[in-house]
Amino acid sequence: MLNDKKAVLLRKIYDRLYRHYGELGCPLLHDNAFQLLIAVLLSAQCKDDRVNMVTPVLFGKYPTPEAMSQATAEDVGKIIQSLGLWRNKAENIVKLSIKLVNEFNSEVPQSMEELTSLPGVGRKSANVVLGNAFNLPGFPVDTHVQRLMKHFNLAKENDSPEKIENIVCKRIPPEIWSNFSHLLITHGRRICIARRMQCQDCVINDLCPGAKK
């Protein structure tokens, strides 16, 4: 694990946000790893509360990979059509469920390589599932995490989510990766809002180069 100025700043930011927000869990409603995986897929370019409005109906009708694999994209689409990109998501959900049944014995896999082999699942989604369903190290990088990391001058403007993930994971202990992502996302939604940053109410404003400007 690297021990440099970025590592020191990351740890200070984490400790300050942790004291303020505490241990955070995934806001997406789910009862098991399969439901979390589907909810994460649905959350792409969509707010969590909107996802939470449709998943109880979706999981009520198709609670398992076996049940979902028997659905059609049209069936799923009728339930999730209030969400963005619902047609593409519906197709991926059915294809993903079929693959879980046929190749993974209806179990959600517990490795990055296997998770990202599933239709519609990228590194961010896989990291959410690893950290929240299996308590395995994972640092999801969503748009809030990207924005805040650049705001802190810890990442460059053109750095990819994978590059940002690498920057963080080389510098902080694996056991706090998942919660650190939750903390940054929560802070980005509540205080460090893209169009109206509330620096006067920010608990890390003295650590943030963006606030000093």
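Biologist: How many cavities of 30 Å³ or more does the structure hold?

Modeller: First, a word on the source: this is a predicted model, where local features need pLDDT of at least 70, side-chain atom pairs count only at pLDDT 80 or more, and totals for chains, interfaces and linings use all residues. Residues are numbered from 1 along each chain as its sequence is written, and side-chain values use heavy atoms, with hydrogens and water left out. On a 1 Å grid over the protein atoms alone, a cavity is a set of points where a 1.4 Å probe fits but cannot get out, while a pocket is an open set with protein on both sides within 12 Å along at least five of seven lines; lining residues have an atom within 4 Å of a point. The number of such cavities here is 1.

Biologist: How much space lies in the largest cavity?

Modeller: Its lining includes H151, F152 and C208. A volume is the space filled by probe spheres set on the points, and grid points are joined across faces, edges and corners. For the largest cavity this comes to about 70 Å³.

Biologist: Which element gives the largest share of the lining of the largest pocket?

Modeller: The largest pocket holds about 790 Å³ of space and is lined by 28 residues, with C46, D48, D142, H144 and R189 nearest its centre. Helices (H or I, at least four residues) and strands (E, at least two) are DSSP runs, numbered from the N terminus. Among the elements that give two or more residues to this lining are helix 3 (48-61) and helix 9 (143-151). The largest share, 7 residues, comes from helix 11.

Biologist: How many charged residues are in the lining of the second largest pocket?

Modeller: This pocket has about 280 Å³ of space, and among the residues closest to its centre are G120 and K124. Ala, Val, Leu, Ile, Met, Phe, Trp, Tyr, Cys and Pro count as nonpolar, Asp, Glu, Lys and Arg as charged, and the others, Gly among them, as polar. The lining has 6 nonpolar and 5 polar residues, and the charged ones number 5.

Biologist: Is S106 buried or exposed?

Modeller: S106 sits in the loop between helix 6 and helix 7 (112-115), and its phi is positive, near 65°, though it is not a glycine. Buried means under 20% relative accessible area, exposed over 50%, and partly exposed in between (1.4 Å probe, protein chains only). Because its relative accessibility is 17%, S106 counts as buried.
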